[in-house]
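Below is a short note for a colleague who is opening this entry for the first time. Please keep the sequence and the model at hand while reading.

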Amino acid sequence: MNQLPEVSWKSLHRLRAAFLQPGPPLPDYWESETDLEGYDATFAQRIGWKWDYVLEELRRRGWSPPAGQVLDWGCGTGIASRAFLDHFGPGSVQVLWLWDRSGLARAYARRRVHAKYPGLEVQVGLVERPDLLLISHVLGELSPPQIEQLTHLVARATATVWVEPGTYEASLTLIAVREKLRATLHVVAPCLHRERCGILAPENERHWCHHFAPSPPEIYTDPFWGRFAHEMNIDLRSLPVSFLVLDRRPAPAVPPNAVRVIGRPRVYKPHALILACDASGVREYRLTRRRLPDAYQRLKKGSCDPLQQWQREGDEILEVRPFPDNVGSEGLACSNASAAEARANCGPGSD
Ligand SMILES: C[S@@+](CC[C@H](N)C(=O)[O-])C[C@H]1O[C@@H](n2cnc3c(N)ncnc32)[C@H](O)[C@@H]1O
């Protein structure tokens with residue numbers, strides 16, 4: 001870990017209270033550079049780890065971003081842009097556009113991206129038809145008409161990567177956006193198909209599409225993160241995320257019998273229950289210790305690759321195979337760590 005960031009806990013408490021306020025739209029809460037510095041060193045880092053998880057999955061699935069103009073809408077401190085650049089590099093980016101209703105945020109994000117990628121053209125403003133649209137953690141602050149407007153922007157973009165907290169509300173809103181656009185845009189992730197979302201089946205009303213991103217393990221022993229967890233009453237181990245990736249270009253091919261695991265499996269003594277999604281819908285499946293002892297042990301240890309290939313009979317999982325990918329599942333963990341480290345090395349103190 002780097003030297004401890006200096007943050008104003010008072011400012012972070014005020015921001016946290018604003019984020020927890022029910023009922024959008026929220027009034028602009030960025031009051032000073034101190035707010036942005038503190039947010040970027042804490043909340044935004046956690047959001048960056050979620051982006052690492054999503055972007056790594058995209059790479060693993062064989063997706064690459066369209067070249068051209070990238071727009072980070074509701075950019076805040078620009079963590080989504082920086083995570084994107086850390087993963088895919090600036091090579092495909094002609095211009096990075098940063099947009100936020102807050103002028104303070106726009107200026108801060110631009111400065112931070114520029115410090116890290118000095119050769120990249122970074123503009124503040126909106127672009128009508130972005131080649132790539134990045135959206136991160138804005139839903140809680142937008143009214144239904146604002147979400148509708150944003151959906152029109154998604155419809156005009158070539159591709160969109162949209163990352164939100166893994167809450168019931170955020171997930172259901174992303175699903176509604178997906179339902180509106182899936183006839184005209186390809187669905188790349190988290191879904192492995194373009195059919196109607198299985199979560200919308202009446203029997204799945206209690207479920208939502210969410211996943212868990214890993215945090216860098218070193219934060220659990222880091223005094224700064226310990227204080228952050230204590231002050232903000234946040235569980236550092238849990239990084240629930242919902243996301244949606246849409247693309248005008250065809251989605252990468254999906255291997256046969258591929259499934260996407262939703263949420264966390266529930267592990268009991270003789271078996272585990274796993275909620276999973278494929279083109280046939282969202283259902284709970286049973287993996288027994290007797291039939292699949294290794295897979296069961298992995299689940300028991302809390303390890304579950306969200307992408308897998310299964311042989312099934314009814315609700316019973318007969319065989320589990322790894323999802324083929326470009327970098328391999330070990331590469332996944334390494335790349336997550338390196339992207340997070342790369343960002344940490346360019347923290348507020350290092351500008
Ligand atoms: C929780 S922050 C997320 C910032 C950043 N995207 C991230 O993931 O860290 C939400 C951002 O959305 C911006 N925002 C809220 N309503 C907006 C609107 N109507 N138009 C543009 N930006 C908006 C806020 O100013 C804030 O910077």
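What is the handedness of the crossing of helix 6 and helix 7? Point 2 gives the reply.

1. Basis. This is a predicted model, in which local features need pLDDT of at least 70, side-chain atom pairs count only at pLDDT 80 or more, and totals for chains, interfaces and linings use all residues. Residues are numbered from 1 along each chain as its sequence is written.

2. Helix 6 and helix 7. The crossing of helix 6 and helix 7 is right-handed (left-handed if the near helix is turned anticlockwise from the far one by less than a right angle, right-handed if clockwise). Ile147, Thr151, Val154 and Ala155 of helix 6 touch Thr173, Val177, Lys180 and Leu181 of helix 7; two residues are in contact if their C-beta atoms, placed from the backbone, lie within 7 Å. By class, this contact of helix 6 with helix 7 has five nonpolar, two polar and one charged residues (Ala, Val, Leu, Ile, Met, Phe, Trp, Tyr, Cys and Pro count as nonpolar, Asp, Glu, Lys and Arg as charged, and the others, Gly among them, as polar). Axes are lines fitted to C-alpha atoms, for helices over the stretch in contact, and angles run from 0 to 180 degrees between N-to-C directions. Helices (H or I, at least four residues) and strands (E, at least two) are DSSP runs, numbered from the N terminus.

3. Helix 3 and helix 4. The axes of helix 3 and helix 4 are 9 Å apart, at an angle of about 40 degrees, so the two helices are oblique to each other. Their crossing is right-handed. Residues of helix 3 in the contact include Trp51 and Leu55, and those of helix 4 include Phe84 and His87. The contact of helix 3 with helix 4 divides into eight nonpolar, two polar and two charged residues.

4. Ligand. Helix 3 (43-60) and helix 4 (79-88) each supply at least two residues of the shell around the ligand. The shell has 18 residues, the closest being Gly74, Gly76, Arg101, Ser136 and His137; a residue is near a molecule if its C-beta atom, placed from the backbone, lies within 6 Å of it. The shell divides into eight nonpolar, six polar and four charged residues.

5. Domains. The domain assignment gives domain 1 (9-252) and domain 2 (258-323); such bounds come from an automatic or database assignment. Their contact takes 14 residues from domain 1 and twelve from domain 2.

6. Backbone. A cis peptide bond, with omega of about 5 degrees, joins Ala189 and Pro190. Pro190 lies in the loop between strand 6 (186-189) and strand 7 (211-212).

Note on methods:
Parallel < 35°, antiparallel > 145°, perpendicular 65-115°, else oblique.
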